[in-house]
Amino acid sequence: MSTLSNPYRGFRFPAEIISEAVWLYHCFSLSLREVELILAARGIEVSDETIREWGLRFGREFATTLKPRRPWPGDKWLLDEVFIRMPPSQRRGQSVSIGIFK
């Protein structure tokens, strides 16, 4: 006899389908209806209310694993803009303008 109980025991759908629905909802920030449509495309008929109940019951463990971590020193940092210092004698009208051309 095992001391750990199965949290998915007693549900109509298998654990793989429940965890897939909750994963889709939390990982991709989809709405409940979008998750319902994705599962319907795979041949699984489940309501958005059921997915909401699964998310409330099993979503905490998915949300904590997907929580972004703070960057550490040594992580790769990318810059969006680069500033270059030029002597005043070389700055003669060399500005860059971005415009919309029709």
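At what angle do the axes of α1 and α2 cross, and within what distance do they come?

**View 1. Crossing of α1 and α2 in the predicted model.** The two axes (lines fitted to C-alpha atoms, for helices over the stretch in contact, with angles from 0 to 180 degrees between N-to-C directions) come within 10 Å and cross at roughly 135°. Helix α1 is therefore oblique to α2 (angles under 35 degrees count as roughly parallel, over 145 as roughly antiparallel, 65 to 115 as roughly perpendicular and the rest as oblique). Ala-21, Leu-24 and Tyr-25 of α1 make the contact (heavy atoms within 4.5 Å) with Leu-32, Val-35, Ile-38 and Leu-39 of α2.

**View 2. The largest nonpolar core.** This core (buried Ala, Val, Leu, Ile, Met, Phe, Trp, Tyr and Cys residues joined through side-chain atoms within 4.5 Å; buried means under 20% relative accessible area with a 1.4 Å probe, protein chains only) has 16 residues, of which Phe-13, Ile-18, Leu-39, Ile-51 and Trp-54 touch the most other members. Two or more residues come from each of α1 (15–27), α2 (32–41) and α3 (48–66); the largest share, 5 residues, belongs to α1.

**View 3. Surroundings of Trp-54.** Beyond its neighbours within four places in sequence, Trp-54 contacts Phe-11, Phe-13, Ile-17, Ile-18, Ala-21, Val-22, Val-46 and Gly-59.

**Notes.** Residues are numbered from 1 along each chain as its sequence is written, and side-chain values use heavy atoms, leaving out hydrogens and water. Because the model is predicted, local features need pLDDT of at least 70 and side-chain atom pairs count only at pLDDT 80 or more, whereas totals for chains, interfaces and linings use all residues. Helices are DSSP runs (H or I, at least four residues), numbered from the N terminus.

Notes. Buried < 20%, exposed > 50% of the residue type's maximum accessible area, 1.4 Å probe, protein only.
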